[in-house]
Amino acid sequence: MLTQKVFLRKTKRGNILKIVREHYLREDIGCGSVACGRCDSESTRPLQKDFESASKVVEHAHYIVPDTNIVLHQIDVLKDEAFRNVIVPQTVIQELRHRHAPAYNSIREMLAIEERHFYCFVNEHHKDTYVERLPGESANDRNDRAIRRVVGYLQSHLAEQGLSIEVVLLTNDRECLNSAKKEGLTAFSLKEYVGGMGKPELLDKISIDADGSSEGDPVTNKKKFMYPEHLTPIALQAGIKSGRLRSGKFMASRDNYLEGFVCLGDNEDESDRVLIQGLMNLNRAVQDDTVVVEILPESEWVCPSSVVLEDEPEEDDKVDEEDDDGDEVEREKKVEKALKESKTEKGVEKMPTGKIVGILKRKWRPYCGILAPSAIKEATKHLFVAAERKIPKIRIETRQAAALTGKRIVVAIDSWPRHSRYPLGHYVRTLGDIGDRKVENQVLLLEHDIPHQPFSQAVLNCLPKMPWLITPLDESKRQDFRSVPTCSVDPPGCTDIDDALHARSLPNGNFEIGVHIADVSHFIRPHTALDREAATRGTTVYLVDQRIDMIPDLLSSNLCSLISDVDRFAFSAVFEMTEDAKVVGAKYCKSIIRSKNSFTYAEAQARIDDKARKDEVTEGLRVLNSLAKKMKLKRMENGALNLASSEVRFQVDSETHDPIDVKTKELLEVNSMVEEFMLLANKSVAEFIYNELSHCALLRRHPVPPVGNFDPLVRAAATRGFDIQVDCGKHLADSLDRASIDTDPFFNTMLRMVATRCMSQAIYFCSGTIAKEDFLHYGLALPFYTHFTSPIRRYSDLIVHRLLAVAIGADATYPELLDKVRVQNLCNNLNYRHKMAQYAGRASVTLYTQIYFRDKNVLEDGYILFVRENALQVLLPKYGMECTLYVKDKPGGQQRIKVPFTYDAEKCTQTAGDVTLRQFERITVRVSLDRTNIQHQKLVVELVRPHIPGFSVDIEKPMEVDEPRNDGEPEKKKTRAV
Amino acid sequence: MSGHQYLSEEGFRVDGRRAQEMRKLDCSLGVFAQADGSAYVKEGNTVVLAAVYGPHEVRGGRVKALHDRAVVNCQFSAATFSTAERKRRPRGDTKSVEMTLHLQQTFETAILTKLYPRCQIDIFVEVLQADGSILSVAINAATMALVDAGIGLRDYVCACSAGVFNDAALLDLNNLEESQKGTGLTVAILPKTERIVLVDMSSKIHSDHVSKTIEAAIEGCKDIHATFDAKIKERVGRLAALINTEN
Ligand SMILES: [Zn+2]
């Protein structure tokens, strides 16, 4: 075992510490080439023997060795299929690991793809390629030298064997390039190399270096535009330590590109924010960056403006030239001055204001968006406008501008040097045409960070081989429920059936209730690629016309899904209940079931209502239904909240996939029947796993909202003379029940919607990380709650299954499952994914609503959900969506609204003349789509009834385009003309 | 992402070893003339000196003497300069006491104490350089010193440490690897019978990994045994040759 390895000492000097570490240099590390006859043939050898040269600049076939900066900054180029037979030195991998996790992950990913023939050469442990840092040499120079040594060694290693394969170094570092040439190595800059590949689109992907431009334009002398310099990391740390500087997360304003906030501390607490105003003070911070601010003296504090300012280059033709920056300074100053003036008018309170002096960590990601139109066709420098309004415009270089107009593209930021008005970036790829439903869907997925690539081969390899059969061994380990009349009830079209139910009478007069949940944990084993993928995805994402599965289709729609008339594995929670729905016993077991029917809600409801049906499945449903009603009653008595939100379904044209109709989801009795039993199972399992594994149980909590959160609710109810008590959940539930108006049945629903907005989000957590009192689920009024019933579409449930299986001794445990820190980390990811999935779902509905209204201009009934200072929030129950109806112009913007409205915050009203608009009032509006901003189309509502002269639109001639009355609204007029 | 990657995707540890490889092992016997037996053992950068005195009469009153076997007395200490940070360690700090106890227990089983009734055997172990796996190196050094002193042993006592990183068992941990929280155990065996005489788990290891880790450590112990055995045989051979020429 112990070999003849010579060993060498590597010394590291700390303050006074001298740490001596051994470093073994080896002789058994292979070069990774199949062509080689010297190295150990047992080792992995992904590099090919016979292949073509990829670039014209090198005559022979060759292996490519990129340096760290190439991998770090040009990963989008390396990702291209054309790059094969690449040797990545370990030095590069290590540097990436410390400096940039995304690039590290990307290169690891590529090393794993067989067809790409990437190889990691472990040069730091190789006796011939290890280099020691020379006195006075910087770590960077040493690493560059180590990489060059790799090239030199491999070159001679192959040449000694008479092989005609070359080794080529890629580096953009001029010095390194020169040294390489001096040492007799073949070396190129990426641009030179890619230039010889005959793929022009690859040149676009080359990222621009931080020192200005990739070619080194001589315009530097003209650069008047200069951001303040960022402080050095040492100065930043010292400043933070002394308390003079503060660090926090930068949040750009959505509406005003000259404004942003820095949230100090870890939590995104609204109260602890610093306002940043003006380009120079923003100093190149981008959304989500971790920045350092210096707070200005109190005399310079200002108040946030409510002005909407879009960053639009003054003249389009200027954009294409590099030197426009200088002239912009003047314009920028003017705008900022106007901004300051506009806000001194108002009497809003001033808040801490600061300037950004440094950036600790960039949070740049690839952005979706479009190319800003440009006047000069042949120009190569363009501005990119991201779909996310919080992201600044990005300057990119492309030779395919003409081809990219009208397309959704992805762009990455490379750097933001001081002298550049905009960050510099490069083109990554094209998604497709703007407005195309598929493309827009993809934008939506990318912008919400939803992993949606097809499952990798590694993941698919984890699936069971078909045909899948139940073995006698399985049968011996599982309880057999196949003869029990079980059925599932789901929405129509559901193929991933998570749950099935059964009910039967027991001899003692009680009922046995079985809640059978798909046994996903049987198929997804820990530490497999499948498990890792599912954990990353966290949840299945439902868009209007698309489902992005958490686990592959074979499992989600087949083997795990509790389809009727086939044997399926389940994890069953079996309860014994008395006639008045009291649980007297609970037991959990792995089982085999055979569902008799897969009902839709409507079908199940019809069965229950059909008095003539007396079969055992129907009888079971009736038992379940009557028990569920009693359970619900009890739950409500205990103070569970019944909150409202509206959900809609689109009826989609089967060919074009365009929405043709919308319906709000109807709620039947059976919906709540299924829900009750899921709640019961979740609650019981939560208690059980907490008792068995109290330090690492994955639970779900819903924090009690601060009383102040309820102010809008209390005020809203007071306008109708109701008193809402918010001191505890029970009182809230009761007072919400009392607050109903007979003549207006929708009032109560709206009140509950308002209540929903006051709540905080329910989150997953690990029971070992917080105090037991905080486990409370406020909305359900339960001390313990978790998710157990949907393991096909939620990873949290899968973990709960594993915990429960461990608790009942049905499965083995593994270290990560019992480690509270790991479980909490997992929870953090799940919470994030669930939030994003929810946002994506809503965005998808919005997208469809917009497509639906594209050519429509309709009158709809709406309700005023909220009254704000300058607008009304209008709910359109038919579409389950909300629109904003502005009653005042935004300050600084165009003055369009001629009728003065008076706002009464106490009574929640807006009054114009003799018409008063009150909260919860029913109004009629006209809905149309504003398509002026191609990236941000939005629905526009205009008031029709009650009629306010000069403000409401006239319904007598609503469809007329040249309606003279609308002179004051040129934008909307244009919309209708489209 | 920062921090050390204890076992890279390519299968190498920070110091260039593969998971199951031991560090370079070096040992010399009879380094200390005053003692009856002594050994200097170097595993990587961990260096331990062991000296054995005895068997001799029980010191400090006959009361302690046992009529049917020898008293084994161990003393563990670490030189102030042995770690990166110079620290004054008073004799009898918790760590030393614990180590002393481990040694005591191990060698009470390994030494054929019945051969030396009413006698005492002293084992002094001093760490000169600490770079992980101190207990196992201390045991190995003490074994060699006992052999050098010619004291009857059931078998060599060979010890090796092992830990788990991402499901892979690593052998012979160095200081860096040991400082990783929550891993690492030390096993000592009698190689001929493969009997385990000591398992020290100073930190938590998940039960799934324990048996795997112990097995790996046993393999390491066997390697050490092979090295020691060769070393002793070579030395005995050399001594025998010396005796022959003298005759
Ligand atoms: Zn080779």
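Biologist: At what angle do the axes of helix 19 and helix 21 of chain A cross?

Modeller: Helices (H or I, at least four residues) and strands (E, at least two) are DSSP runs, numbered from the N terminus. Axes are lines fitted to C-alpha atoms, for helices over the stretch in contact, and angles run from 0 to 180 degrees between N-to-C directions. Here helix 19 (residues 601-609) and helix 21 (residues 669-692) of chain A cross at roughly 100°, their axes coming within 8 Å. Helix 19 of chain A is therefore roughly perpendicular to helix 21 of chain A, a term for angles of 65 to 115 degrees. Contact, meaning heavy atoms within 4.5 Å, involves A:Tyr601, A:Ala604, A:Gln605 and A:Ile608 of helix 19 and A:Glu669, A:Val670, A:Asn671 and A:Val674 of helix 21 of chain A.

This is a predicted model, in which local features need pLDDT of at least 70, side-chain atom pairs count only at pLDDT 80 or more, and totals for chains, interfaces and linings use all residues. Residues are numbered from 1 along each chain as its sequence is written, chains are lettered from A and ligands numbered from 1 in the order in which they are written, and side-chain values use heavy atoms, leaving out hydrogens and water.

Biologist: In what order do the 5 strands of the barrel in chain A close?

Modeller: Strands of a sheet pair through backbone hydrogen bonds, either parallel or antiparallel. Two strands pair if DSSP finds at least two bridges between them. The barrel of chain A has the order 13-14-15-17-16, with mixed pairing. Its neighbouring strands are turned by 50° against each other on average, direction ignored. Strand 15 (residues 394-397) and strand 17 (residues 424-433) of chain A run parallel and are joined by 2 bridges; A:Arg395 has A:Leu424 as its bridge partner in strand 17.

Biologist: How do strand 8 and strand 9 of chain B run?

Modeller: Strand 8 (residues 185-190) and strand 9 (residues 195-200) of chain B run antiparallel, joined by 5 bridges. B:Leu190 has B:Arg195 as its bridge partner in strand 9 of chain B. This hairpin has 4 residues between the strands, and B:Glu194 takes a positive phi near 60°.

Biologist: Which residues coordinate the zinc ion?

Modeller: Donors are N, O and S atoms within 2.8 Å of the metal (3.2 Å for Na, K and Ca); water is not among the atoms, so sites may look incomplete. A:Cys31 (SG), A:Cys36 (SG), A:Cys39 (SG) and A:His157 (NE2) coordinate the zinc ion at 2.0 to 2.3 Å. The 4 donor atoms of the zinc ion make angles of 103 to 114°, and the site is tetrahedral, a term for four donors with all angles between 85 and 135 degrees.

Conventions:
Angles under 35 degrees count as roughly parallel, over 145 as roughly antiparallel, 65 to 115 as roughly perpendicular and the rest as oblique. Four donors count as tetrahedral if all angles lie between 85 and 135 degrees; four count as square planar and six as octahedral if opposite donors are over 155 degrees apart and all others between 65 and 115; anything else is irregular.
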